Amino acid sequence: MVVVMRGGASDVDIDKVVHAITEAGGDAFVSRGKHQTIIGLVGDLTHFAELPLHAFPGVEDVIRVSKPYKLVSNDAHPRPSTVWVGDSAIGRDTVTLIAGPCAVETEEQAREACRMAKEAGATILRGGAYKPRTSPYSFQGLGEPGLDLLQATARDLQLPFVTEVVTPADVETVAAKADMLQVGARNMQNFQLLKEVGMAGRPVLLKRGLTATIDEWIMAAEYIAQTGNLQIVLCERGIRTYEPMTRNTLDVSAVPVAQSLSHLPIIIDPSHSGGRRELVLPLIRAAIAVGADGVIVDVHPHPESALVDGPQALVKEDVVRLRETVARFAEAAGRDVARVDHERSTGAWGRSASVL
Ligand code: PEP
Ligand code: MN
């Protein structure tokens with residue numbers, strides 16, 4: 001950290017800053033320039049970060065040089081991590097397809113959608129049983145019966161699944177059945193939920209908030225990591241901008257930026273970002289080209305009667321193109337399409353998530 005003093009700061013002002021730093025157990029190096037003095041801080045930054053240095057007399061600015069997150073930073077862990085969900089990996093060598101219905105609506109719909117997902121090459125299924133909806137009058141998800149339907153479908157198809165948990169009170173129930181827990185965009189800064197989810201012992205899919213900066217998003221991941229759980233995958237799902245032609249604006253830059261800061265895998269959600277079926281495959285191409293470790297895609301057998309997000313769901317006719325798009329672009333990016341690795345199976349694949 002660097003403290004920049006104002007032009008007119010006195011020696012007393014400078015001494016006060018130096019004293020506060022040394023009291024906090026650090027070292028302060030003073031560089032007196034012709035017009036301004038700069039103080040470099042060395043030591044345990046967690047102590048300095050708590051000092052109200054901005055409020056000290058004569059201080060113009062306090063600049064953080066190192067990253068505010070530690071556990072998820074690639075300073076701490078230079079090799080990109082691979083997160084295992086059951087026997088399916090998400091990491092830097094492969095492109096992972098996660099697919100399924102936005103919401104579980106009926107048994108038939110969940111089964112059909114998950115079958116479509118598997119046929120498209122998905123190695124992890126998705127589906128919402130607890131839905132965070134903008135309107136309280138919209139379908140809120142089936143809750144635990146929906147979770148049971150999804151679990152039964154996923155077990156029949158021999159694939160793990162990810163599902164959203166919206167409140168700390170449901171974490172235990174969801175973690176007992178799901179292979180990966182999703183924290184949705186609207187809950188990215190629900191710090192209590194982040195901690196509970198972290199402690200549940202499951203891999204976590206952390207979506208970026210609608211108006212969250214990349215730093216805020218990675219700090220949210222740090223909350224999960226603080227519980228001792230480093231099985232975290234970041235998901236860029238579009239951010240809110242002034243553009244109304246798409247549901248959200250997919251921030252493709254977030255992929256290389258997050259990769260330059262954190263060792264965590266990062267995937268893209270082209271369904272919730274574009275919000276329209278015809279945008280999903282082009283956004284998948286962009287995602288893989290920019291270096292994403294995977295994509296999470298909505299599919300639905302009858303989107304015209306879907307209770308949630310029908311317009312963005314891929315349909316049966318899209319399944320082959322989805323599979324081919326992922327395969328071609330993964331190859332062009334020098335990666336393999338992720339496959340389920342039953343070799344790795346411990347015999348209890350639904351319970352075997354870990355981080356490499
Ligand atoms: C979802 O994945 O179903 C969802 C609600 O996504 P988001 O939190 O990104 O809006
Ligand atoms: Mn949705």
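**Figure 1. Lining of the largest cavity in the predicted model.** The residues around this cavity are Arg-126, Gly-127, Gly-128, Lys-131, Val-162, Glu-164 and Gln-182. A cavity is a set of points, on a 1 Å grid over the protein atoms alone, where a 1.4 Å probe fits but cannot get out, and lining residues have an atom within 4 Å of a point. The volume is about 30 Å³, taken as the space filled by probe spheres set on the points, which are joined across faces, edges and corners. The lining comprises 1 nonpolar, 3 polar and 3 charged residues; Ala, Val, Leu, Ile, Met, Phe, Trp, Tyr, Cys and Pro count as nonpolar, Asp, Glu, Lys and Arg as charged, and the others, Gly among them, as polar.

**Figure 2. The largest pocket.** Its volume is about 350 Å³. Of the 20 lining residues, Pro-132, Arg-186, Arg-237, Arg-247 and His-272 are the closest to the centre. A pocket is an open set of points with protein on both sides within 12 Å along at least five of seven lines. By class, 4 nonpolar, 6 polar and 10 charged residues form the lining.

Figure 3. The structure holds 0 disulfides, a disulfide being a pair of cysteine sulfur atoms within 2.5 Å. Cys-114 is buried at 0% relative accessibility (under 20% relative accessible area, 1.4 Å probe, protein chains only). Cys-102 is also buried, at 5%.

**Notes.** Residues are numbered from 1 along each chain as its sequence is written, and side-chain values use heavy atoms, without hydrogens and water. In this predicted model, local features need pLDDT of at least 70 and side-chain atom pairs count only at pLDDT 80 or more, whereas totals for chains, interfaces and linings use all residues.

Conventions:
Chains are lettered from A and ligands numbered from 1 in the order in which they are written. Buried means under 20% relative accessible area, exposed over 50%, partly exposed in between (1.4 Å probe, protein chains only).
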